[in-house]
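Work through the following exercises with the sequence and the coordinates at hand. Each task is followed by its solution.

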Amino acid sequence: MDSQQQQQKIQNPKTQFPETPEMNDRDLANDLLSMEKYMTASYHTAMNEASHEKLYRDLLAIFTETQNEQRKLYETMFQKGWYSMEAAEQQKLQQSYQQHQGYASQFPYSGKVQ
């Protein structure tokens, strides 16, 4: 990895742990985070398809709780340096912004969200 790529990473220093074949805290957290992401996606789909109001509200409550736990887990992993992100390049941000601004002209009501 060259220095330019290293500068684009957003990551905290890694919390050290023994490198063994057994699952460590980072492996467990990674597994849990994957499961939480899968669960929130599944609850989201179920909410979209729920025709009964009480069922929808129950799913929404479970979804919200699961999403909050997923966020806490992500924050913990990020703080420990076990989760990193690539910094977005300014040019890519500008291109994406312009692309999505163009979509506004496709909205009904003169491009204004109501």
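The model is predicted: local features need pLDDT of at least 70 and side-chain atom pairs pLDDT 80 or more, while totals for chains, interfaces and linings use all residues. Residues are numbered from 1 along each chain as its sequence is written, and side-chain values use heavy atoms, without hydrogens and water.

**Exercise 1. Describe the order of elements and the burial of the protein.**

Step 1. Helices (H or I, at least four residues) and strands (E, at least two) are taken as DSSP runs numbered from the N terminus. The protein has 4 helices and 2 strands.
Step 2. Read from the N terminus, the order is α-β-α-α-β-α.
Step 3. Buried means under 20% relative accessible area, exposed over 50%, and partly exposed in between (1.4 Å probe, protein chains only). Of the 114 residues, 15% count as buried.
Step 4. A contact means heavy atoms within 4.5 Å. Among contacts with a separation of 6 or more, 66% come from residues 24 or more positions apart.

**Exercise 2. Determine how H2 and H3 pack.**

Step 1. Two packed helices are described by the angle and the distance between their axes. Axes are lines fitted to C-alpha atoms, for helices over the stretch in contact, with angles from 0 to 180 degrees between N-to-C directions.
Step 2. The axes of H2 and H3 come within 9 Å and cross at roughly 155°.
Step 3. Angles under 35 degrees count as roughly parallel, over 145 as roughly antiparallel, 65 to 115 as roughly perpendicular and the rest as oblique. H2 and H3 are therefore roughly antiparallel.
Step 4. Residues making the contact include Leu33, Thr40 and Tyr43 of H2, and Leu59, Thr66 and Leu73 of H3.
Step 5. By class, the contact has 15 nonpolar, 6 polar and 3 charged residues. Ala, Val, Leu, Ile, Met, Phe, Trp, Tyr, Cys and Pro count as nonpolar, Asp, Glu, Lys and Arg as charged, and the others, Gly among them, as polar.

**Exercise 3. Identify the largest nonpolar core and the elements that supply it.**

Step 1. A nonpolar core is a set of buried Ala, Val, Leu, Ile, Met, Phe, Trp, Tyr and Cys residues joined through side-chain atoms within 4.5 Å.
Step 2. The largest one has 8 residues: Phe17, Ala29, Leu33, Leu73, Tyr74, Met77, Phe78 and Trp82.
Step 3. Helix H2 (25-49) and helix H3 (53-79) each give two or more residues to this core, and H3 has the largest share, with 4 residues.
Step 4. Beyond its neighbours within four places in sequence, Phe78 is in contact with Ile10, Gln11, Asn12, Tyr83 and Met85.
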